[in-house]
Amino acid sequence: MVLSLFLFAFSASAQDEAEIETYFAETKLGESFNFNERIIRFKEVLVDSRCPSDVTCVRAGEAKILVEIFKDEKSLGKEIITLGANVNSFKTNLAKFFEKELDIEILSLSPYPKTSRKIEASDYQLKLKVTKRLEN
């Protein structure tokens, strides 16, 4: 039985590789990323309390960003996404605005805080990864 599960997992994995498209986007604050007839607009950094990289903190902190999703120039809704300081990749709940076959991940919010500099709103950049599972 264990062997059959392994073989199933292996064959499913091989099929997934052939049926996945991955897209990357980098947007500055106020800019948009167009995908699958939808637009993801990086609206605002609501909070950035991530622990500066040149400090040792008891708590890592977090950042909260606001994005808005559009289709045909009509807003489908806004979403607040909370990012932990030490998260390399964060799957979002933005998929509810898209088809079930999509995974949307936040790869990073930069620049990362340092005590020696103040981050201006215009400096923020959001990196996204969209994975689309294709149907046979």
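**Entry 1: strand pairing.** I took two strands as paired if DSSP finds at least two bridges between them. Strands here are DSSP runs (E, at least two residues), numbered from the N terminus. At one point of this pairing I found Glu-62 opposite Gly-84 in E5. The model is a predicted one: local features need pLDDT of at least 70 and side-chain atom pairs count only at pLDDT 80 or more, while totals for chains, interfaces and linings use all residues. Residues are numbered from 1 along each chain as its sequence is written, and side-chain values use heavy atoms, with hydrogens and water left out.

**Entry 2: the sheet.** I then traced the sheet, which is open and has four strands in the order E2-E3-E4-E5, with antiparallel pairing. The edges are held by strand E2 (32-35) and strand E5 (74-84); each has a single partner strand, so one side of each has no neighbour in the sheet. On average, neighbouring strands of this sheet are turned by 25° against each other, direction ignored. For this angle, axes are lines fitted to C-alpha atoms, and angles run from 0 to 180 degrees between N-to-C directions.

**Entry 3: a surface patch.** Which residues form a nonpolar patch on the surface? I noted Leu-46, Val-47 and Ile-80, with about 230 Å² of accessible area together. Areas come from the Shrake-Rupley method with a 1.4 Å probe, and for residues only the protein chains shown count as cover. A patch is made of residues with over 30% relative accessible area and no salt bridge; nonpolar side chains (Val, Leu, Ile, Met, Phe, Trp, Tyr) are joined within 5 Å, like charges within 9 Å. Ile-80 belongs to strand E5 and counts as partly exposed at 47% relative accessibility. The classes are buried (under 20% relative accessible area), exposed (over 50%) and partly exposed in between, with a 1.4 Å probe and protein chains only.

**Entry 4: salt bridges.** I counted five salt bridges, each defined as a side-chain nitrogen of Lys or Arg within 4 Å of a carboxyl oxygen of Asp or Glu. Glu-26 is partly exposed at 47%, and Lys-127 is partly exposed at 30%.

Lys-43 and Glu-68 meet in a salt bridge at 3.3 Å, N to O. Because Lys-43 is in strand E3 (residues 38-48) and Glu-68 in strand E4, the pair ties together parts 25 residues apart in sequence. Lys-43 is partly exposed at 34%, whereas Glu-68 is buried at 7%.

Lys-129 and Glu-105 meet in a salt bridge at 4.0 Å, N to O. This pair links Lys-129 in strand E8 to Glu-105 in strand E7 (residues 102-110), 24 residues apart. Lys-129 is partly exposed at 24%, whereas Glu-105 is buried at 11%.

**Entry 5: the disulfide.** How many disulfides does the count give? I found one disulfide, taking the term as a pair of cysteine sulfur atoms within 2.5 Å. The disulfide joins Cys-51 to Cys-57, with S to S at 1.9 Å. The torsion about the S-S bond of Cys-51 and Cys-57 is about 80°, so the disulfide is right-handed. Cys-51 is buried, with a relative accessible area of 11%, whereas Cys-57 is partly exposed at 35%.
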